[in-house]
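User: I am new to this structure. Please walk me through how to read it.

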Amino acid sequence: MLQPRYLFTQDFSVFRTALLSLPHRVRRFERGESLWAAGTPFEKIFFFDAGLARTSIISVSGSNRVIAWQGPGTMFPVIHRNRFEIETRHLTEAVTAVAALEFSAVDIEAYLRGSADFALATIDWYAKFVNLLLYSAADVSTSPNTLTALASTLLLLFRNEAGAVMATNNLLKITQSELAALLGVDRASLVRALSALRKKGAVATLRGAIKLLSPEILQQAAARS
């Protein structure tokens, strides 16, 4: 049985060569940069070549809730013909430097109509995304705790910042305030989780940075519910 996943990656990698034949723009986004302006509906579709992005929902009160992460080989948003009000409350921003291909929805829809395999991959993507949302909404107790979420997020960041090579003493330049914002938790919860990872020997904290001490211990912490 498939479990929900928060990182979408390699869902569409087999279609990259075919997608290159479509009109597109090569885009690069720096850390913290939004892929499109907040408050606008989905009009462009991105294929992620490198880097890591996260997608949040902005509530009416203005708070953000992270719903998914995007890595190399996936696409976001995925083509659909309807317009939903909640699209204007999506925020997708680069967590690391991101390289992507930008397509128009019209061109992606035309390609989907001519490729049964791409259409099936799109259906599978939607099924996984809906499963993730339903899983999160049905039982909040199944959501990862702060320690697990922090370990998982650090793994994603180290893998992308360090060229996908997990090595002892890799240094990740990020502040505790930035980490708390990425996780959507308060600073006190973040500090407690970081302290637990330090005690386990997974990481060390420096001023404005996190040092990886043991990839194995960090992976174990990320795997625990």
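Analyst: Of the 225 residues of the chain, 41% count as buried. Buried means under 20% relative accessible area, exposed over 50%, and partly exposed in between, with a 1.4 Å probe and protein chains only. This is a predicted model, where local features need pLDDT of at least 70 and side-chain atom pairs count only at pLDDT 80 or more, while totals for chains, interfaces and linings use all residues. Residues are numbered from 1 along each chain as its sequence is written, and side-chain values use heavy atoms, with hydrogens and water left out.

User: How many helices and strands are in the chain?

Analyst: The chain has seven helices and 11 strands. Both are DSSP runs numbered from the N terminus: helices are H or I with at least four residues, strands are E with at least two.

User: How do I read a sheet? What is the order of the four strands that form an open sheet?

Analyst: Strands of a sheet pair through backbone hydrogen bonds, either parallel or antiparallel. Here two strands count as paired if DSSP finds at least two bridges between them. The order is β2-β8-β3-β6, with antiparallel pairing. β2 (25-29) and β6 stand at the edges with a single partner strand each, so one side of each has no neighbour in the sheet. Strand β3 (residues 44-50) and strand β8 (residues 98-104) run antiparallel, joined by six bridges. Phe 47 stands opposite Leu 101 in β8. Helix α2 (residues 105-114) packs on this sheet and touches β3, β6 and β8. Contact means heavy atoms within 4.5 Å. The direction of α2 makes about 80 degrees with that of β8. Such axes are lines fitted to C-alpha atoms, for helices over the stretch in contact, and angles run from 0 to 180 degrees between N-to-C directions.

User: Which order does the open sheet of three strands have?

Analyst: Its order is β9-β11-β10, and the pairing is antiparallel. The edge strands, β9 (171-172) and β10 (203-206), each pair on one side only. Four bridges join β10 to β11 (residues 209-212). Leu 206 stands opposite Ala 209, and Val 203 stands opposite Leu 212. In the hairpin of β10 and β11, two residues lie between the strands, and Gly 208 takes a positive phi near 75 degrees.

User: How do I read one side of a helix? Which residues of α7 are buried?

Analyst: An α-helix has 3.6 residues a turn, so residues three or four places apart point the same way. In helix α7 (residues 215-223), the buried residues include Pro 215, Leu 218, Ala 221 and Ala 222. They lie on the same side of α7 because they cover an arc of only 125 degrees around the axis. That arc is taken from the directions from the helix axis to the C-beta atoms.

User: What about the backbone? Where does Gln 10 lie?

Analyst: Most residues other than glycine have a negative phi, and most peptide bonds are trans. Gln 10 lies in the loop between β1 (7-8) and α1 (16-19). Its phi is positive, near 65 degrees. Gln 10 counts as partly exposed, at 47% relative accessibility.

User: Which residues does a cis peptide bond join?

Analyst: A cis peptide bond joins Phe 76 and Pro 77, with omega about -15 degrees. Pro 77 sits in the loop between β6 (75-76) and β7 (90-94).
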